[in-house]
Amino acid sequence: MQNLWYKNAIVYSLDVETFMDSDGDGIGDFQGLTKCLDHLSGLGITCLWLLPFYTSPNRDNGYDVMDYYNIDPKLGTLGDFVEFLHQASERGIRVLIDLVVNHTSNQHPWFQAARDKNSKYRDYYVWSDNPPKSDPELLAFPHAEESIWEYDEQAGSYYLHHFYKEQPDLNIANSAVREEIRKIIGFWLQLGVSGFRIDAAPFLINPIGIKDPECPDLQSFLAQMREFLSSRRADAVLLAEANVEPEQIPVYFGKGDRMHLLFSFLLNQYMFLALARQESAALRDGLKTLPDIPHICQWLNFVRHHDELTLDRISKSEQQEIFQAFAPDKNMQIFGHGIRRRLPPMLGGERRRIELTYSLLFSLPGTPLLRYGEEIGMGDDLSLEDRNSVRTVMQWSDEPNGGFSTAPPDALARPVIKEGEYGYKQVNVIAQQRDPSSLINWMERLIRIRKQCPELGWGKCHILDTDNKSVFAHCCEWEGKAVIALHNFADRACIATLQSREYKHLFDLFGDRQYESLNDDCCSIPLEAYGYRWFRVNRMR
């Protein structure tokens with residue numbers, strides 16, 4: 001029987017360099033992260049996703065990799081990494097790492113060698129003497145680059161890059177490149193990781209610029225990666241970053257033989273549209289838009305992650321609704337269709353609405369993802385450029401630098417939020433742990449209840465009809481058991497009546513307050529403004 005541990009996991013994402021500094025140089029490191037594992041374990045986290053920690057010039061937050069087989073010296077050593085893995089495993093925490101193989105850094109030895117036309121590494125990259133005119137939609141960073149082709153004087157040719165020009169694309173059609181990728185996967189699996197988050201997966205299987213008439217079907221490489229991964233470690237998983245249209249999703253899941261998990265970008269965008277409108281219809285439509293996926297596969301649901309909140313899969317008018325509600329100033333927006341803010345500032349710090357959003361996240365069918373700092377309601381710093389606004393260092397205490405580091409403030413890897421209601425003196429782990437009513441203690445309870453409801457991760461989801469357009473109600477059923485959740489998107493109290501008579505004997509599991517118990521046959525359910533309630537169905541009709 002396969003070990004589908006990810007079905008009921010609680011995933012936490014962090015960047016090592018901004019989490020905890022152990023040696024006072026201003027940069028987070030693996031020794032610091034290891035010391036924080038008790039915090040993560042206590043919170044209820046069962047899986048960590050680490051952003052790139054490889055040797056890198058850091059043109060793109062570590063996604064420009066120079067060496068796939070080593071740790072950036074600023075973050076520690078391979079020995080520190082292995083000790084971290086051991087300590088995480090002791091606490092029942094698995095670790096996923098980023099696999100960035102759509103491109104390398106232009107400082108990678110492969111690319112440096114490839115500039116020589118006679119090198120065996122030449123075909124590791126995609127070259128053209130006369131490249132076609134670029135389609136702006138192919139640019140990952142249209143604010144910074146004008147073309148996906150860059151001329152290299154030494155090579156005497158143009159090379160392909162969908163991201164920054166310092167990140168040349170690898171030629172996945174080259175069997176030697178695919179073999180290198182398998183070696184990278186094998187190396188980190190041998191050290192003990194539980195899988196990989198595949199960066200920029202759509203670009204990985206896009207044959208743009210590849211002229212080889214014998215070019216293989218690049219989509220098949222996803223299945224090849226999965227086969228190799230499973231042959232080395234049967235319980236390891238692949239998580240793909242693939243923000244694509246619904247009809248393209250089967251490319252990544254296959255028949256259950258490609259990716260184990262996909263980020264649910266589409267559902268995330270419809271969720272924010274529902275929050276902006278204070279009506280449930282958009283979220284209902286989003287769930288209905290998602291295709292059925294193989295039972296072995298899973299969605300990874302999130303509120304925010306390390307990049308911008310992208311809104312590129314909904315219409316321009318719908319984007320404007322969300323901008324107006326949550327990011328009205330141009331400085332809060334990015335790339336024309338994204339928001340560079342964390343959730344609490346987007347919601348004006350309104351605790352009831354913040355809780356509603358995370359209750360929804362944890363009850364939606366799939367696996368929930370938290371970004372570091374979400375457990376305490378960290379804010380953002382809009383004075384920082386681009387995506388860095390949501391990449392400030394973790395706030396542990398009211399000590400200088402938020403307890404992240406003893407280094408001078410100007411030596412920090414990223415700034416700490418100092419001022420305002422989200423400054424580290426007001427928002428930090430230590431202060432919230434002392435406060436029974438704090439967000440972190442509420443979040444621990446949410447995670448604990450979620451773990452007790454495997455139906456939400458494993459079960460079949462049904463949207464339930466109610467008589468109130470502001471209420472989203474759904475049920476997840478698994479092995480004869482069921483959990484129902486209701487969420488009121490509106491700023492006014494209501495009574496939601498379930499249209500279905502299939503369920504009875506609803507037992508309160510979790511809610512925004514202590515409600516009176518329901519009568520056995522009662523399908524009319526009171527909800528406060530921005531209220532939420534989870535029920536276990538003790539008996540179905």
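Me: Which residues of helix α10 are buried?
Reply: This is a predicted model. In helix α10, which spans residues 281-289, the buried residues are Ala282, Leu283, Arg284, Gly286 and Leu287.

Me: And what covers the buried residues of α10?
Reply: The cover includes α9 (265-277) and α13 (351-363), together with β17 (460-464) and β18 (471-478).

Me: Now the barrel: how many strands does it have, and in what order do they run?
Reply: The barrel is closed and has 8 strands, in the order β1-β2-β5-β9-β10-β11-β12-β16, with parallel pairing. On average, neighbouring strands of this sheet are turned by 25° against each other, with direction ignored.

Me: Over how many bridges do β11 and β12 pair?
Reply: Strand β11 (residues 261-263) pairs with strand β12 (residues 298-302) over 3 bridges, in the parallel sense. Leucine 262 has tryptophan 299 in β12 as its bridge partner.

Me: Which strands does helix α3 touch?
Reply: Helix α3, residues 78-90, packs on the sheet and touches β2 (47-50) and β5 (94-99). The direction of α3 makes about 140° with that of β5.

Me: At what angle do α3 and α5 pack?
Reply: The angle between α3 and helix α5 (residues 175-191) is about 60°, and their axes are 10 Å apart.

Me: How many bridges join β5 to β9?
Reply: There are 4 bridges between β5 and β9, and the two strands run parallel. Here leucine 96 stands opposite glycine 195 in β9.

Me: What about β9 and β10, how many bridges join them?
Reply: Strand β9 is joined to strand β10 (residues 237-240) by 4 bridges, again running parallel. Glycine 195 stands opposite valine 237 in β10.

Me: Changing topic, how many aromatic pairs does the structure hold?
Reply: It holds 39 aromatic pairs. In one of them, tryptophan 110 and tyrosine 124 have ring centres 5.3 Å apart and planes at 70°, so this pair is edge-to-face.

Me: Where do tryptophan 110 and tyrosine 124 sit in the chain?
Reply: Tryptophan 110 is in helix α4 (residues 109-114), and tyrosine 124 is in the loop between α4 and β6 (127-128). They are 14 residues apart, and the pair links distant parts of the chain.

Me: Is tryptophan 110 buried or exposed?
Reply: Tryptophan 110 counts as buried because its relative accessibility is 9%. Tyrosine 124 is buried as well, with a relative accessible area of 5%.

Me: What sort of aromatic pair do phenylalanine 111 and tryptophan 127 form?
Reply: Phenylalanine 111 and tryptophan 127 are stacked, at 5.8 Å centre to centre with 15° between the planes. Phenylalanine 111 lies in helix α4 and tryptophan 127 in strand β6, so the pair ties together parts 16 residues apart in sequence. Both phenylalanine 111 and tryptophan 127 are buried.

How values were computed
Residues are numbered from 1 along each chain as its sequence is written. This is a predicted model: local features need pLDDT of at least 70, side-chain atom pairs count only at pLDDT 80 or more; totals for chains, interfaces and linings use all residues. Side-chain values use heavy atoms; hydrogens and water are left out. Two strands pair if DSSP finds at least two bridges between them. Axes are lines fitted to C-alpha atoms, for helices over the stretch in contact, and angles run from 0 to 180 degrees between N-to-C directions. Contact means heavy atoms within 4.5 Å. Buried means under 20% relative accessible area, exposed over 50%, partly exposed in between (1.4 Å probe, protein chains only). Rings of Phe, Tyr and Trp (its six-membered ring) pair if their centres lie within 6.5 Å; planes under 30 degrees apart count as stacked, over 60 as edge-to-face and the rest as tilted.
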